[in-house]
Structure formats: structure tokens, C-alpha cells
Amino acid sequence: MDTREKVIGHMIGRSVLRLEDARFLLGQGRFVADIDVAGQLWGHVLRSPHAHAVIRGIDATAARALPGVHGVFTAADLAADGLGLMPCTAAVKPMIVTPRTALATGRARHVGDPVAFIVADSVEIARDAAELIEIDYEPLPAVIGGAVALGAGAPQIWDEVPGNLAFHHHRGDHAAVAEAMKQAVHIVEVAPLNNRVIVAPVEPRAGIGSYDAATGSMELLLTGQGLHGIRRQLAEFIFKIPPERIHLWAPDVGGGFGMKNFLYPEWILLLWAARRLGRPVKWVAERAEDMVAGCQGRDIAATARLGLDANGRFLALDIAMVADLGAYLSQNGPGSSVVAASTAHGGVYDIPAIAADIRGALTNQTPVDAYRGAGKPEANYIVETAIDAAARKLGRDPAQLRRQNLIKSFPHKTAMGLTIDSGGFVDNLDAAVARGDATGFESRRAEAKSRGKLRGIGVACFLETSRGAPNEGAEVQFEAGGKVMISTGTESNGQGHETSFTQIASDRFGLPMEAFRFVQADTRYVKAGSGHGGARSMHMAGAALVKAIDEALAKARKAAAELLQAQESEIDFAEGRFSVRGTGRGIDLTQIAAERGPSLGGHVMNITDVFTFPSGCHVAEVEIDPETGTTELVRYTVVDDYGRLINPLLTEGQVVGGVAQGIGQALLEHTVFDPESGQLLSGSLMDYALPRADDLPMFDVSLIERPTGANPLGVKGSGQAGAIAAPQTVMAAVRDALASAGVTEIDMPATPERVWLALQQAGSTR
């Protein structure tokens, strides 16, 4: 038994295979599309083909007359029923929040904007009916791109938002940055673009809305995360009824990456139509539909200036960002660019002065919201890109310049006001450079050159500020059949919560894993929760579960003392059994539960707003074929710190998945809207390149455990980190490879076409 097991127990720290996998591998997973309910109808959303147009009129006469059609609804129908506006709940003030209805009112503002909702006996009939609807559109000029939207003379999208500027915020100490820049011997300036990405989980969005006329209650089955938050918004802002009258639940969820955390027009339409028609209504998005109408991610253009002294010490970082928010302010879209990004500016480096100027622009594009990392990838990419530029300017080794400026003592208060409690940033970098064999790189570069390839290496670090929403709940109940029910207010969409939370319970209760029943994603049975997002589940919900378990054990200890006729102070607990110290007398927890089970359990809230700080250093190597511009990622090394590991196998899976998404953003994924018409040109998987197995190398992953004191488990979030680290690491390798051919600038995504064109341009100017 190692030290960790002696302190924590027998299950925490073990690479247990996922309990969920058996049903998934056997085709027994239960997703929304698999579920039908008695008497259900089918919904179909008719969407705008225009990026910007006045809706002069809608004639649905022929559609309503089609046999099998039960209703064709427009914004006027929703308004007549008094439905409220969709909220933007991001903690960003001041901010102009534009009015958003579930169906476009008066004007469509992006391709895919919902205009009408058709409900019929089948989805085929609903689609046929949609073809019969005649809409009189008056097309208007569209604006694509945040910087373009903020420029002089850009088309005005909302009368309420002059110049398309939804907000303009300043974070950090601008005066300190200005003073530090005066002292700088070297100032480098970069303009990194965090390209817009389409979120593409395996399972598109889907839902079934139902209404009970007898009780006036609604039920929404959905593929979602953050169910309590979505319910609150539906109740408070849309239907204006008590939350208890709306029941939300999610079965298995096939991926989310943030996009399924939010209130969507379709959730409103399903519930409203079910109430209107008195029958359940089901809707399942098609892939192309979800690509244009589900929230997209990233899309932040920045400029940054990094000031250094004569010895290469960082003095100040000055950042200006333009966030393209799309046509509407999504629920937390502004939060990613303002709040979340600001926590991570400066990364793992000791930079005395940092300031950020952030503008939020409205455009005729799909709304943007939180996507894996939500602001932290953007912030880390900015500082890491600036450091690479500084290394080139000063002729310094990029790894050594980073090492010189890493935060080395803890706790450390950053220039943006957060206190990092612990970390091993120098050790992470040293280990990554050694594992990645950076010293042997030049021989590999020479060998690649002999084959006509350009080889490059990139070293980059990352800092995650992990918490998400503050506070989280958990519950423990001992059930009559001998099972122990555990529940948390976070919701899995592939992370393996059913396994990892059960490991925690098994460890602390001293009971086998099969003794537990895990409940999640159901507002009827889970009392409170803030869902998954911000890599918060283990940090927030895991700590809540520990608190609930400890309260249950305290009650059980008292009962054990009574049953064993001893003082509580004499009672020990281990391996699921209470015993009287120094005697052979004892009683199993299961025996106490059988007698007093209902009195032992309870729901608790973990009230905390403390962050954890996952960190790491990654090393990438690429080979580029100058004849085609094709980039091959040939090596990738990960050295990361996520605190204590509940299940190393699951953690590594999360890291590799995040890295794969970051690689996709760096090399492949390119969301393209036509700059004139606003049409999404990358609107299918024929046109939008997701990373596939042959785009990825074998990963060398090393996880270093440095427990945090921010929670009783010592854990730090791991769900987002790979997507935060990979873009700058891969792009550093790409730029290093291209530098030998005279290419000085290239940004994400480094597609073959972009790389080839950059090489041609460099060749023509040499």
C-alpha cells in the first residue's frame, strides 16, 4: 500500500475502468434520440437563409393545411402568449443586452436564425410543411468579423447597440503597464487570432417537451448540461412560473464541450408547443443544423505588447482584444472573453503589470459561447505567442526564456488579482523538455531536411483557472434495497462521473463500488447544482460529496455508539465497519444503514468560490512538406499537474481529448463565413475539418500530483487543460519549422493551403 492509499483510501488514485463503458460498447447507451414517448409529435425549425434581413411577412396558410400538421408558429404566436426574452447571464457590466426571442422578431440576424416552428405527426411531414411557408425577406447588408463590425461605416445590426459595440471593458492596471513599458528595453508586439470553431459533439442537440395540464407542470428531456441553470432561466425569464413546475432531465449525453450548458430557442419552443398542443413534442437537430445554430466558440482577435528588461525579464503585458460575439449575446458568451480570460492573462509567468482592453462586437454570425476552456485558451495563447516572438527577437532559447520568468514561489498573487496557492511550473517545464528530448532535436531536424521536410519544435506552458460557477451540492441516501444513492449537481457528458464519484464514495465509506447508485442530471431528484463547466466537477462537486459522506458517517458513528453501548470518542471507522477501540466489538455500516438508513443521509452545499490552478508544459514537433504545405504532428509530450488524481486513466483520457481538440484548432478547424452574404461556408463535415486518428501522434503523457489545499480531495480540474495547452504548443512548432524557410508570420489554423501560400510568399520575397 503506498502513502496515498494510507492517507486517502483504497479506491482514490486507481485507474478503474469506466462503469459506463459496458453499456456504451454494447449499444445500450440511452440518448434523447433513442427515446420516444406516447403521443409525441415532431418539431422542425425553419431557419433564415439570410445573414441579415427584415422579415416583412410570413404566410403559413398552405403549411397549416397540410395533413398531419398540428401547428406552424411564429414570433407573433409566442408574443401573444406573453413569453419573456432569453437572458444573457454573464457577469459583465456595463453591457448592452439585445432582446432575443425564441423565434426571430422582425429581423433575422444570422443564417440559421429560427423563424418558424412546425409541429407535425412526423419529422418528414414537418419538413414538407416548412417548404410550403412563404416568407417575405428584405435582405440587408451583413457584417462578418468583430473588427469589421466595429469599423466606421459597418452595417448596424441592432438599433440598441451603436457601432455594434456591446461592451468595452478594462481589466488590470493600465497605468502600471504604461509605466513599466517606459522602463522596458525590449517591446515585442504580436497579433494572435484565436480562430472561431464549430462545436461538434458526437450527439447533436435534441429534446422532448411535455406538459401536464392537470398540474400545470412542464417536463423537458434534453441532451444538456447545467440543467438547474437552464430550468431557472426557463422559469424566471421565459414562462414566469415557479421552477418547481419545470422538470428537466438528461439521459446519456454524447459530448458537450460547453455548448450544451445553455438555454436555446429550441428548449423554449418544445415546452411552449407541448403546452399549446397538449401533446409531447420531440426535436432532434441534424448535424448541419447544429453547426449553424448551436453556439460556436473562441473568435477573439488580439494585439499584445510584451515588455522586457535588458536581461529578458518580463516587465509588463498589454493586451487588446476584440471578441466576436455573433448576432446575439448568448447566456455566457461575454463571460468567456471578459471574466474567464482575465483570470488567466499572464499564464504561469511572473509579470508585474498586466492590463487588458476588451471590446465585444455583434456580427451577423452564429452566437459564441463557452467552449472547452472558455477564455483561458485565448488568454494563454496570447502570452505564449508573445513569448515566442520575444525569444526570436532576443535570440534566446524559447524554453529558457520561459524558465527565467516562471512563477517560482507560492502562494503567488498575479497582476490580475488571483492568488495561485501552489504549483511546480519550473519542474513541469524541465520535465517536459527532458521527456521531449529537446537536446536531440537538431539531429532530427537535419534528418528531416535530408528528406526534404521542414521540422520544428515548440515548447509552451499553460495555466488553467478552474472553478466555473461557485458553490455546488451533493446528496447521500441509504436506500431500502441496500444501495447507497449518491448524487451531485454536476453532469457528465462523457467524463466518467459515474465512475469517479463512485470511487470517492467507495473510498470513504469503505464499501465496494457496486454498492452505490449514482444519480445526476435530473432536477426532480437532484436538489441543486451548477452543472459541468470550468473543469469544476471534482473540485466543486467532489468536495461537496466528501462533505455529504462525512456528515452521513458522523450520523452513523453516533448510531454505532448507541448500538455498541460506547462513547462516540471510542468509536473507530475503517473498511466499512465501526468498532470499539481496544475491543473485538463492532458493527458494519451496512447493518446500521439497514436499521436507520433514512436518518443517515442528507443533502449538503459546498459553499466556495475558490479557484484551483492546473498547469503544465507541452512539447510538440512537426514536419512540414514544403511542396504541399501539409503539416504532420510527429511527437507530442505532456507534463501536467492536476493535483491528486482520483482516476489516472480517466484523467489521461480527458487530457488527450482536450489536446486533440486543441490540435484541431491549430491545424485544421476553420469556421468560414462568406464576408458578403454571411453564409456559413464550412457548414458540414465535408467542409469543416475535425481532427481524425491519423492526424494525431502517439502521446507521451506524464501526470505529476501536486495536491492543492483548495478542497479536501486535493484535486485540480483536468477537463479543459489539453485544449488550453495544445494550440500555442503546436503553432510554436509550426512557426519554428517555417522560420528556416523565411516565413515570419502565420496564425491558426495552419492548414496546408495557408502554409503553402506562406512558403510561396516567403520564397518570392527572398
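How many nonpolar, polar and charged residues make up the lining of the second largest pocket, by class? The lining has 10 nonpolar, 3 polar and 9 charged residues. This is a predicted model.

**Second largest pocket**
- The space in the second largest pocket comes to about 510 Å³. Its lining is built from 22 residues, and Asp397, Pro398, Ala399, Ile457 and Asp736 are the closest to its centre.
- Six elements each supply at least two lining residues: α12 (376-394), α13 (398-405), α14 (425-435), α15 (441-450), β21 (454-463) and α20 (721-739).
- The largest share of this lining comes from α20, with 4 residues.

**Cavities**
- The model has 5 cavities of 30 Å³ or more.
- The volume of the largest cavity is about 310 Å³. Its lining has 21 residues, and Ser500, Met538, Thr651, Gln654 and Ser718 lie nearest its centre.
- Two or more lining residues come from each of α16 (497-509), α17 (537-564) and α19 (648-667). Of the elements, α19 gives the most, with 3 residues.
- By class, the lining of the largest cavity has 7 nonpolar, 11 polar and 3 charged residues.

- In soluble globular proteins, nonpolar side chains tend to be buried together.
- The largest nonpolar core holds 67 residues, and Leu306 and Tyr349 touch the most other members. Helix α12 gives the most to this core, with 8 residues.
- A separate core has 58 residues, among them Leu41, Val45, Cys295 and Ala370.
- Beyond residues up to four places away in sequence, Leu306 touches Met181, His186, Ile187, Val188, Phe314, Ala316, Leu317, Ala386, Ile387 and Ala390.

**Helix α5**
- Helix α5 spans residues 123-132, and its buried residues are Val123, Ala126, Ala129 and Ala130. Why do they lie on the same side of α5? They lie there because they cover an arc of only 115 degrees around the axis.
- The cover over the buried residues of α5 includes β1 (41-47), α3 (61-65), β3 (69-73) and β5 (114-120).

**The loop between α4 and β4**
- Gly106 sits in the loop between α4 (75-80) and β4 (107-108). Its relative accessible area is 43%, so Gly106 is partly exposed.
- Leaving aside residues up to four places away in sequence, Gly106 touches Ala53, Val54 and Ile55.
- Gly106 and Ala521 are 415 residues apart along the chain, and their C-alpha atoms are separated by 36 Å.
- Pro94 is also found in the loop between α4 and β4. A cis peptide bond joins Lys93 and Pro94, with omega about 0 degrees.

**Other backbone details**
- Most residues other than glycine have a negative phi, and most peptide bonds are trans.
- Phe410 and Pro411 are joined by a cis peptide bond, with omega about 0 degrees. Pro411 lies in the loop between α13 and β19 (412-413).
- Asp437 is not a glycine, yet has a positive phi of about 50 degrees. Asp437 is in the loop between α14 and α15. Its relative accessibility is 30%, so Asp437 counts as partly exposed.
- Asn471 also has a positive phi, near 70 degrees. Asn471 lies in the loop between β21 and β22 (472-478). With a relative accessible area of 25%, Asn471 is partly exposed.

Notes:
Residues are numbered from 1 along each chain as its sequence is written. This is a predicted model: local features need pLDDT of at least 70, side-chain atom pairs count only at pLDDT 80 or more; totals for chains, interfaces and linings use all residues. Side-chain values use heavy atoms; hydrogens and water are left out. On a 1 Å grid over the protein atoms alone, a cavity is a set of points where a 1.4 Å probe fits but cannot get out, and a pocket is an open set with protein on both sides within 12 Å along at least five of seven lines; lining residues have an atom within 4 Å of a point. Grid points are joined across faces, edges and corners, and a volume is the space filled by probe spheres set on the points. Ala, Val, Leu, Ile, Met, Phe, Trp, Tyr, Cys and Pro count as nonpolar, Asp, Glu, Lys and Arg as charged, and the others, Gly among them, as polar. A nonpolar core is a set of buried Ala, Val, Leu, Ile, Met, Phe, Trp, Tyr and Cys residues joined through side-chain atoms within 4.5 Å. Buried means under 20% relative accessible area, exposed over 50%, partly exposed in between (1.4 Å probe, protein chains only). Contact means heavy atoms within 4.5 Å. The arc is that of the directions from the helix axis to the C-beta atoms.
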